[in-house]
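Biologist: I have a model open and would like to go through it with you. Could you take my questions as they come?

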Amino acid sequence: MPTLSIDIPASLLSTLTETAERDGTDTSSVISAALAQYLGTSYHTLFQVSTSGALVAGVYDGVLSVGSILDHGDFGLGTFANLDGEMVILDGRAHQVHGDGRVEVAGVDARAPFAVVTRLRPTSDTSIEAVSDMKGLEAHCDALRKSGNIFYAFRLDGHFSSVRARAVNPQQPGARLIDAAKAQSEFHFSDIGGTLVGLWSPGFSSAFSVPGYHFHFLSDDRKHGGHLLDCAASSLRLRMEALTDFHLALPESRNFLAADLSKNTAGELAYAEQAH
Ligand SMILES: [Zn+2]
C-alpha cells in the first residue's frame with residue numbers, strides 16, 4: 001500500500017491516537033476510514049444484490065444492470081438474468097461464462113439477479129505453496145482470517161495444474177436452483193494461468209448469502225472460467241481484505257416481492273454450490 005505523510009495539528013493527532021487505541025486498531029486504519037467517508041467512497045464494503053435464498057427459490061429476473069453493479073465494486077461474483085452463466089468481476093470488468101464454456105465481457109446493460117462486489121483494497125499480500133485441492137486452498141485462506149464473524153475477499157493469482165469449474169445454463173423462470181445445478185456444464189482445465197475471485201461469508205449470513213468460501217475462476221487469457229469446484233496449483237499469490245461493511249440491495253421486482261423466502265434453503269444452496 002502507498003504511504004502518505006501529512007502535517008496535522010497536535011490536538012487532532014492526540015484525538016486520532018485515542019480513537020485508534022479505543023477501537024483496537026492503528027492510526028492508518030482510522031485515517032483511511034475517515035478519508036473514505038469524507039470522500040464518499042466505499043471502504044471495506046461488500047455490496048450484494050438480492051439474496052441467495054431468492055436464487056434458490058428460482059427468482060432469476062435481471063434486477064440490476066452490470067453498469068450499476070460495477071459502480072459498487074471492481075471485484076466479485078454473481079450470475080446473469082435467467083441464470084445465463086456465471087459472473088466473474090475482475091479488475092473492473094464483468095465476465096460472463098456461458099454454459100457452453102464461452103467467456104465474454106458483459107455489456108453494462110446486461111442484467112443480473114444476484115451479485116456480490118467489493119472495491120478490492122487488499123490488506124494482506126502473501127504467497128502460498130502447493131495446494132492439491134480446495135481443502136488445502138481453503139486452509140491457507142483460513143490461516144489469514146482473524147474472525148468467523150465478518151466477511152472476507154480473497155484474490156489468488158498464479159498457475160494452476162488443474163481447475164474444475166462449472167457454469168449454469170439458462171433456466172425457465174421459477175425453476176429452483178437445485179434443478180439448474182443438475183443441468184450445469186462442467187469444465188476441466190489443466191496447466192492454466194488464472195485468477196480466483198473469492199469471498200468468505202460467515203455462517204450467520206446463510207439466510208441471504210453463500211456461507212463459507214465461494215470462488216469463481218477466470219483464466220489469464222479471459223477465455224475460460226466458471227464457478228470453482230476444485231483446483232490444484234504449485235504456488236499462488238494470495239491477497240486478502242477483511243470486509244466489515246455490508247450493503248444488501250433488495251429487488252423490487254414482482255417475482256422477488258411475491259416469492260416465499262421464509263424457508264431455510266441452506267441445504268439446497270449447499271448442493272447447488274458444490275461438486276456433485
Ligand atoms: Zn458461484
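Biologist: What share of the 276 residues in the chain is buried?

Modeller: Buried residues make up 46% of the 276, where buried means under 20% relative accessible area, exposed over 50% and partly exposed in between, with a 1.4 Å probe and protein chains only. Please keep in mind that this is a predicted model, in which local features need pLDDT of at least 70 and side-chain atom pairs count only at pLDDT 80 or more, while totals for chains, interfaces and linings use all residues. Residues are numbered from 1 along each chain as its sequence is written, and side-chain values use heavy atoms, with hydrogens and water left out.

Biologist: How many helices and strands are there in the chain?

Modeller: The chain has eight helices and 14 strands, taken as DSSP runs numbered from the N terminus, with helices being H or I of at least four residues and strands E of at least two.

Biologist: Which residues touch the most other members in the largest nonpolar core?

Modeller: They are Leu137, Phe154, Leu156, Phe160, Val163, Leu196 and Phe215, in a core of 53 residues. A nonpolar core here is a set of buried Ala, Val, Leu, Ile, Met, Phe, Trp, Tyr and Cys residues joined through side-chain atoms within 4.5 Å.

Biologist: And which strand gives the largest share of this core?

Modeller: That is strand S10, residues 151–167, which contributes nine residues. There is also a second, separate core of 13 residues, with Phe47, Val49, Ile89 and Ala115 among them.

Biologist: Changing topic, where is His224?

Modeller: His224 sits in the loop between strand S12 (212–219) and strand S13 (225–243). Its relative accessible area is 30%, so His224 counts as partly exposed.

Biologist: What is His224 in contact with, leaving aside its neighbours within four places in sequence?

Modeller: Taking contact as heavy atoms within 4.5 Å, His224 is in contact with Val103, Phe189, Ile192, Phe217, Leu218 and Ser219. Glu241 is 17 residues from His224 along the chain, and the C-alpha atoms of His224 and Glu241 are separated by 25 Å.

Biologist: Is Asn82 buried, partly exposed or exposed?

Modeller: Asn82 counts as partly exposed, because its relative accessibility is 39%.
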